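Please look over the sequence and the 3D structure below. A short report follows.

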Amino acid sequence: MIPIVEAIHVVSVVIWIGGVAFVTMVVFPMILRMENSLEKVLFFQGVEHRFAKIAKAMVAVAGITGFWLLYLTDEWRILFTLRGIGPTLMLIVWAVYLLILLFEAKLFKIIFKGEAQQDTSKIFYRLTVFHWFVLGLSLLAVLVGVWAGHGGI
Ligand code: HEM
């Protein structure tokens with residue numbers, strides 16, 4: 001059972017984190033180069049709105065299979081210890097995304113109201129930095145997860 005659940009877990013992570021990497025490395029540089037503010041906002045909201053649905057589904061699959069793996073491998077016992085650094089980091093990254101997705105509508109309202117209408121470049125620069133930070137954290141979870149899961153620790 002473990003190999004099948006782990007394979008589904010990794011596939012969901014690939015689609016989800018791959019999407020985040022695409023948005024960060026391809027979509028944001030395109031937006032930063034656009035001239036028109038309205039064009040920037042509409043393009044961003046179109047892409048993000050569509051990707052949010054995929055991300056939500058993948059976060060759900062990764063979460064269900066992740067908790068299932070914790071149970072199957074008995075690794076819940078080593079959560080929040082050095083030996084359990086792999087699954088612990090995964091859980092933290094997952095929780096961060098869950099919060100972002102749950103409060104997405106509120107975040108968008110805050111981000112695109114007021115200040116954003118005057119200075120979209122500044123907002124998209126901040127969003128780019130934020131996406132790089134979340135992507136870095138996700139890739140760290142993948143790196144440490146594979147390293148720790150294959151005898152690295
Ligand atoms: C609720 C959230 C999650 C839980 C409870 C969880 C738990 C687990 C467990 C128990 C395993 C198998 C055993 C192990 O290798 O330690 C595993 C494998 C894996 N997880 Fe997660 N995970 C979660 C989310 C994530 C996230 C967000 C990522 C990526 C950012 C991720 C990436 C991976 C990878 C790449 C593997 C395969 C490691 C290997 O090569 O063995 N997981 N996960």
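Which residues coordinate the iron atom of the ligand? H9 (NE2) and M90 (SD) do, at 2.1 to 2.2 Å. Donors here are N, O and S atoms within 2.8 Å of the metal (3.2 Å for Na, K and Ca), and sites may look incomplete because water is not among the atoms.

This is a predicted model, in which local features need pLDDT of at least 70 and side-chain atom pairs count only at pLDDT 80 or more, while totals for chains, interfaces and linings use all residues. Residues are numbered from 1 along each chain as its sequence is written, and side-chain values use heavy atoms, leaving out hydrogens and water.

**The iron site**

The site of the iron atom is octahedral, with angles of 87 to 179° among its 6 donor atoms. Six donors count as octahedral if opposite donors are over 155 degrees apart and all others between 65 and 115. H9 lies in helix α1 (residues 2–33) and M90 in helix α3 (residues 85–102), so the pair ties together parts that are 81 residues apart in sequence. Helices are DSSP runs (H or I, at least four residues), numbered from the N terminus.

H9 is buried, at 12% relative accessible area. M90 is partly exposed, at 32%. Buried means under 20%, exposed over 50%, and partly exposed in between (1.4 Å probe, protein chains only).

**Around the ligand**

The ligand is surrounded by 22 residues, and the closest are E6, H9, E75, M90 and H150.

| Side chain | Ligand atom | Distance |
|---|---|---|
| H9 | nitrogen | 2.8 Å |
| E75 | oxygen | 2.8 Å |
| H150 | oxygen | 2.7 Å |

T65 sits in helix α2. It is buried, at 5% relative accessibility. Leaving out residues up to four places away in sequence, T65 touches V5, I8 and H9. Contact means heavy atoms within 4.5 Å.

**The nonpolar core**

The largest nonpolar core has 30 residues. Such a core is a set of buried Ala, Val, Leu, Ile, Met, Phe, Trp, Tyr and Cys residues joined through side-chain atoms within 4.5 Å. W16, F44, Y97, F112, F124 and L127 have the most contacts inside it. At least two residues each come from α1, α2 (37–73), α3, α4 (104–112) and α6 (120–149). Helix α1 gives the most, with 9 residues. Beyond its neighbours within four places in sequence, F44 is in contact with F28, I31, F108, F112, F124 and L127.

Methods: Tetrahedral: all angles 85-135°; square planar, octahedral: opposite > 155°, others 65-115°. Near = heavy atom within 4 Å. Polar contact = N/O pair within 3.5 Å; in protein donor to acceptor, adjacent residues only side chain to side chain.
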